[in-house]
Amino acid sequence: MNLLKLSLISLLVTFSYGYELKISKTFDESLEPDRMQLSFSLIAKKESAAKTKEVLHKAIESIKKEPLCKGGGYSITPEYDYNSKERELLDYIGTADFECSFKNIEEIDTLLAFFDKLEDLELRQAPIRWIVDKENMKIEKTALEFRAIKYAKDYAEILSIEEIAKCSVKNVEIIADGYVRYEAQSMLMAKSTMQTPTKEPTILNLNATYTYDCE
């Protein structure tokens with residue numbers, strides 16, 4: 001009996017001082033893609049660094065005429081043969097990377113025609129995919145953050161209405177960058193037969209952790 005009384009007194013003291021409640025919640029938003037993106041690399045391989053650089057520069061100049069494409073940074077590295085007893089220099093490999101953003105395939109007709117005429121260059125292309133414009137993504141991300149902040153007060157009200165606890169918001173921690181999940185896109189295509197990929201939703205996720213003082 002004394003043990004029961006001590007337990008009840010201890011419980012009442014705990015509630016009188018209050019306690020801290022921490023919960024986590026994930027918010028997500030399905031966004032409609034509004035642009036397509038093509039990422040690709042051009043690779044040149046010549047017997048000297050100077051010739052490799054010359055081939056790359058001509059290609060970079062041509063692609064930079066396309067206002068829809070950005071990039072052009074490149075690197076040149078030597079390639080060696082290690083099969084013999086002594087290391088033998090084979091050639092130099094240069095790689096230039098680009099990214100293009102457009103609303104329909106017809107906008108990059110000139111670029112595709114350039115791909116079809118490649119002679120001294122190798123093309124490595126990632127699948128074309130639908131994306132959400134960066135500015136639109138920023139707007140949606142801000143809206144999702146406001147939604148996460150509003151939830152802090154809403155959850156405290158739910159606890160009160162359900163007579164679970166009376167809580168006040170102590171802290172809200174939001175992972176600001178969150179992450180974006182793109183749905184699967186079309187496979188790698190031949191350079192002369194690129195087609196518009198199927199449009200799939202882009203999922204924007206954000207995680208929030210809430211800390212409450214409760215009684």
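**View 1. The disulfide between Cys167 and Cys214.** In this predicted model, the sulfur atoms of Cys167 and Cys214 are joined in a disulfide, with an S to S distance of 2.0 Å. Such a link is a covalent bond between the sulfur atoms of two cysteines. The link of Cys167 and Cys214 is right-handed, with 110 degrees about the S-S bond. Because Cys167 belongs to strand S7 (residues 167-174) and Cys214 to strand S9 (residues 202-214), the pair ties together parts that are 47 residues apart in sequence. Cys167 has a relative accessibility of 15% and therefore counts as buried, the cut-off for this word being under 20%. Cys214 is buried too, with a relative accessible area of 4%.

**View 2. The disulfide between Cys69 and Cys100.** Here a disulfide connects Cys69 to Cys100, and the distance from S to S is 2.1 Å. The link of Cys69 and Cys100 is right-handed, with 100 degrees about the S-S bond. Since Cys69 is found in strand S3 (residues 69-81) and Cys100 in strand S4 (residues 88-102), this pair ties together parts that are 31 residues apart in sequence. Cys69 and Cys100 are both buried. The count of disulfides comes to two, and when the bonded cysteines are counted along the chain, the disulfides of the protein follow the pattern 1-2, 3-4.

**View 3. The aromatic pair of Tyr151 and Tyr210.** A pair of aromatic rings is described by two values, namely the distance of the centres and the angle of the planes. The count of aromatic pairs comes to seven. In the pair shown in this view, the rings of Tyr151 and Tyr210 have centres 5.6 Å apart and planes at 50 degrees, so the pair is tilted. With a relative accessibility of 0%, Tyr210 counts as buried.

View 4. Tyr155 lies in helix H4 and Tyr212 in strand S9, which means that the pair ties together parts that are 57 residues apart in sequence. Both Tyr155 and Tyr212 are buried. One aromatic cluster is formed by Phe27, Tyr151, Tyr155, Tyr210 and Tyr212.

**View 5. Charged side chains over aromatic rings.** Phe27, a member of the aromatic cluster, has the charged end of Lys25 over its ring, 5.4 Å from the ring centre. At another place in the model, Arg87 lies over the face of Tyr80, and the distance to the ring centre is 4.0 Å.

**View 6. The backbone at Glu163.** Most residues other than glycine have a negative phi. Glu163 is not a glycine, and its phi has a positive value, near 55 degrees. The residue is placed in the loop between H4 and S7. Is Glu163 buried or exposed at this place? With a relative accessibility of 72%, Glu163 counts as exposed, because the cut-off for this word is over 50%.

How values were computed. Residues numbered from 1 in each chain as written. Predicted model: local features only at pLDDT ≥ 70, side-chain atom pairs only at ≥ 80, totals over all residues. Heavy atoms only, no water. Disulfide = S-S within 2.5 Å. Helix = DSSP H or I, 4+ residues; strand = E, 2+ residues; numbered from the N terminus. Buried < 20%, exposed > 50% of the residue type's maximum accessible area, 1.4 Å probe, protein only. Phe/Tyr/Trp six-rings, centres within 6.5 Å; stacked < 30°, edge-to-face > 60°. Lys NZ or Arg CZ within 6 Å of the ring centre and 35° of its normal.
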